[in-house]
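Please open the model in your viewer and keep a selection tool at hand. The stops below proceed from overall confidence to the packing of helices.

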Amino acid sequence: PVGTDEYVANTARRRIQRALADLDHIRAFASSPDGSVQAANLLLKQCVLQRPTYLSRTVHPDRMRAAAEEFHATHASTLATINKLPADELRNPFHETARVAALPLSRGGLGWLPLPRILVPGYLGGAVSAARVSVRFRGGLLAPCPSGFADIENADVLDLPRFKAEFIQTL
């Protein structure tokens with residue numbers, strides 16, 4: 001979304017609300033007699049999580065943090081319902097259950113990453129991708145500024161020292 005800070009934050013919140021509704025459907029499916037743990041996990045990972053993850057690449061972390069925290073709490077309870085795990089243990093990133101759930105599928109985990117932890121790395125990844133496209137098609141970097149677009153040297157949109165500090169904290 002492009003617009004004022006308030007518009008971007010509201011749009012991100014609405015998109016996260018849609019993903020929250022999808023989590024409710026997955027919980028209901030997993031709890032039904034016909035529900036399959038494998039199918040519910042696949043729906044969660046391959047369908048529902050893709051939209052908020054993509055949003056983290058395109059929306060500034062400060063404008064998305066509140067919605068991401070709400071999504072994280074519901075995501076943890078959905079994951080707990082599907083896999084019959086204690087939700088409180090998943091919400092604590094230092095608990096062994098959360099650490100095992102965060103392992104890749106190939107290592108016996110669930111490939112689970114809390115959305116708030118990937119906001120800064122996701123946004124930086126999106127900025128790098130946009131920079132590559134800008135260099136490829138324009139021959140130089142462009143960045144949004146109040147009057148339209150400007151060369152990246154003249155724009156103050158990324159605040160890289162702060163992002164670097166936040167990124168290091170997420171590791």
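**Confidence and helix packing**

Colour the chain by pLDDT, the predictor's confidence in each residue, from 0 to 100: the mean is 79, and 78% of the residues reach 70 or more. This is a predicted model, in which local features need pLDDT of at least 70 and side-chain atom pairs count only at pLDDT 80 or more, while totals for chains, interfaces and linings use all residues. Residues are numbered from 1 along each chain as its sequence is written, and side-chain values use heavy atoms, leaving out hydrogens and water.

Select residues 145–157 next. Here pLDDT stays under 50, and the model has 17 contacts (heavy atoms within 4.5 Å) beyond four places in sequence.

Move to helix H2 (residues 37–48) and helix H3 (residues 50–58), whose axes come within 5 Å and cross at roughly 30 degrees. Helices are DSSP runs of H or I, at least four residues, numbered from the N terminus; axes are lines fitted to C-alpha atoms over the stretch in contact, with angles from 0 to 180 degrees between N-to-C directions. H2 is therefore roughly parallel to H3 (angles under 35 degrees; over 145 counts as roughly antiparallel). Display Lys45, Gln46, Cys47 and Val48 of H2 with Gln50, Arg51 and Pro52 of H3, which make the contact.

Show Ala12, Arg15, Ile16, Ala19 and Asp22 in H1, which meet Arg51, Pro52 and Leu55 in H3.

Technical notes. Helix = DSSP H or I, 4+ residues; strand = E, 2+ residues; numbered from the N terminus. Parallel < 35°, antiparallel > 145°, perpendicular 65-115°, else oblique.
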